[in-house]
There are 2 protein chains.
Amino acid sequence: MATRDTPQRILERAVELFNAHGVKAISLNRIAESLDISPGNLHYHFRTKDDVILAIFERIRSDPSQVSEGDCLSPTLTHMRWMFERYSSLVWRYRFFFRELSALTEEIPLVRHRYFENRRERMAALQQFFEKLIDVGVMRRPEPPATVALLVALSWMVSDHWIFYLDADHARLDSELIDTGFDLVMTLFQPYLAVPPASNARTRSRPTSA
Amino acid sequence: MATRDTPQRILERAVELFNAHGVKAISLNRIAESLDISPGNLHYHFRTKDDVILAIFERIRSDPSQVSEGDCLSPTLTHMRWMFERYSSLVWRYRFFFRELSALTEEIPLVRHRYFENRRERMAALQQFFEKLIDVGVMRRPEPPATVALLVALSWMVSDHWIFYLDADHARLDSELIDTGFDLVMTLFQPYLAVPPASNARTRSRPTSA
């Protein structure tokens with residue numbers, strides 16, 4: 001194996017082990033052992049577990065699944081469903097990070113700094129997307145207009161937490177589970193939609209267990 | 001000090017230390033040391049850290065700040081504000097538990113079981129409260145009616161997470177911070193209110209930073 005691949009292999013294995021067992025239970029030595037490399041080799045690339053988590057967060061941050069200004073080019077509910085699905089896949093792939101979000105951002109100052117910096121940027125893009133939905137008439141402007149920012153905040157909170165809130169005992173993120181999550185997000189926007197969502201984004205209409 | 005007070009003192013000190021440093025950083029020995037009791041004395045009452053956390057959760061579970069059927073006797077927005085304030089104080093007092101909620105319920109099977117059991121019961125009471133708000137005409141029934149369950153789920157998620165979402169660098173939970181959290185919850189119900197909330201529950205009307 002070429003040395004330049006080692007950091008990537010370490011991060012991928014770390015995500016796998018953290019997802020399965022939680023951050024606390026996994027030591028750097030355990031990651032090295034599982035990859036059949038020496039602890040020294042791993043320490044050469046990442047000095048501490050915090051360094052590993054920070055490097056993983058940089059991957060989350062730069063993942064194309066994050067909301068971006070490009071999303072504003074498609075101000076439709078179908079696209080919004082796709083954005084939610086994309087982001088939910090990201091949360092699922094790195095679920096240890098979102099599951100332990102508050103603790104990790106509390107414990108690792110650099111993760112905290114970058115997480116909130118990224119969130120500010122992404123929420124600005126998300127707010128632009130909703131402003132576009134209003135511009136093109138898919139959504140009515142709420143009264144007072146500041147409600148848009150509150151709806152963005154709520155949808156962010158739901159997007160980061162719904163998988164754990166549901167405590168779904170699923171082995172994978174299937175479309176039924178995503179439908180359930182999207183129902184929660186759509187409940188936020190439902191009152192402001194110009195047309196009923198059934199004809200736009202949801203493939204079916206069913207009550208969701210809470 | 002009488003022996004029968006020791007478990008209570010241990011739990012109170014554990015909450016203090018967990019809130020300040022996180023669960024991971026605090027060992028049973030550290031709690032014993034901080035109370036100036038022997039590790040053997042502490043182990044006599046709590047064999048493991050999981051036992052301590054379970055005992056703390058039992059306190060959270062039986063705390064009168066939790067939503068109860070008694071709340072249905074006062075179906076007003078003012079009372080809803082008070083319920084939110086009550087519950088937020090509970091989250092603040094035991095903030096380590098809510099901050100690490102997903103990890104703790106993942107890692108400790110008995111905490112997981114009791115947390116979800118409690119949540120089911122409390123959410124049923126919360127749903128009853130909203131049904132009462134609809135009965136007395138404070139709230140309009142959403143269409144489809146299943147939306148009530150989704151709103152209850154969303155308000156639960158917001159109530160458990162908003163303090164950490166805001167990442168407020170506050171030393172205490174002051175009324176300004178609670179106003180900000182309540183604005184988020186009220187955004188969920190705003191479209192269904194029969195009268196504007198300003199005259200009912202909020203002491204002022206201001207945009208909230210997201």
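Helix H9 (residues 147-166) of chain A packs against helix H9 (residues 147-166) of chain B at an angle of about 105°, and their axes lie 10 Å apart. The model is predicted. Angles of 65 to 115 degrees count as roughly perpendicular, and H9(A) and H9(B) are therefore roughly perpendicular to each other. On the chain A side, the contact includes A:Ala153, A:Leu154, A:Trp156 and A:Tyr165. On the chain B side, B:Met157, B:Val158, B:His161 and B:Trp162 are among the residues of H9(B) that take part. The residues of this contact divide into 14 nonpolar, two polar and no charged.

The relation between the copies was examined next.

Over all chains, the count comes to 26 aromatic pairs. A:Phe84 and A:Phe182 form a tilted pair, 5.4 Å centre to centre, with 45° between the planes. This pair joins helix H5 (residues 77-93) to helix H10 (residues 175-189) of chain A, and the two residues are 98 residues apart. Both A:Phe84 and A:Phe182 are buried. In chain B, B:Tyr87 and B:Phe98 form an edge-to-face pair, 6.2 Å centre to centre, with 80° between the planes. B:Tyr87 lies in helix H5 and B:Phe98 in helix H6 (residues 95-99) of chain B. Both are buried. Ring pairs also link a cluster in chain A, including A:Phe18, A:Phe57, A:Tyr87, A:Phe98 and A:Trp156.

Terms used
Residues numbered from 1 in each chain as written. Chains lettered and ligands numbered in written order. Predicted model: local features only at pLDDT ≥ 70, side-chain atom pairs only at ≥ 80, totals over all residues. Heavy atoms only, no water. Axes fitted to C-alpha atoms, helices over the stretch in contact; angles between N-to-C directions. Helix = DSSP H or I, 4+ residues; strand = E, 2+ residues; numbered from the N terminus. Parallel < 35°, antiparallel > 145°, perpendicular 65-115°, else oblique. Contact = heavy atoms within 4.5 Å. Nonpolar A, V, L, I, M, F, W, Y, C, P; charged D, E, K, R; others polar. Phe/Tyr/Trp six-rings, centres within 6.5 Å; stacked < 30°, edge-to-face > 60°. Buried < 20%, exposed > 50% of the residue type's maximum accessible area, 1.4 Å probe, protein only.
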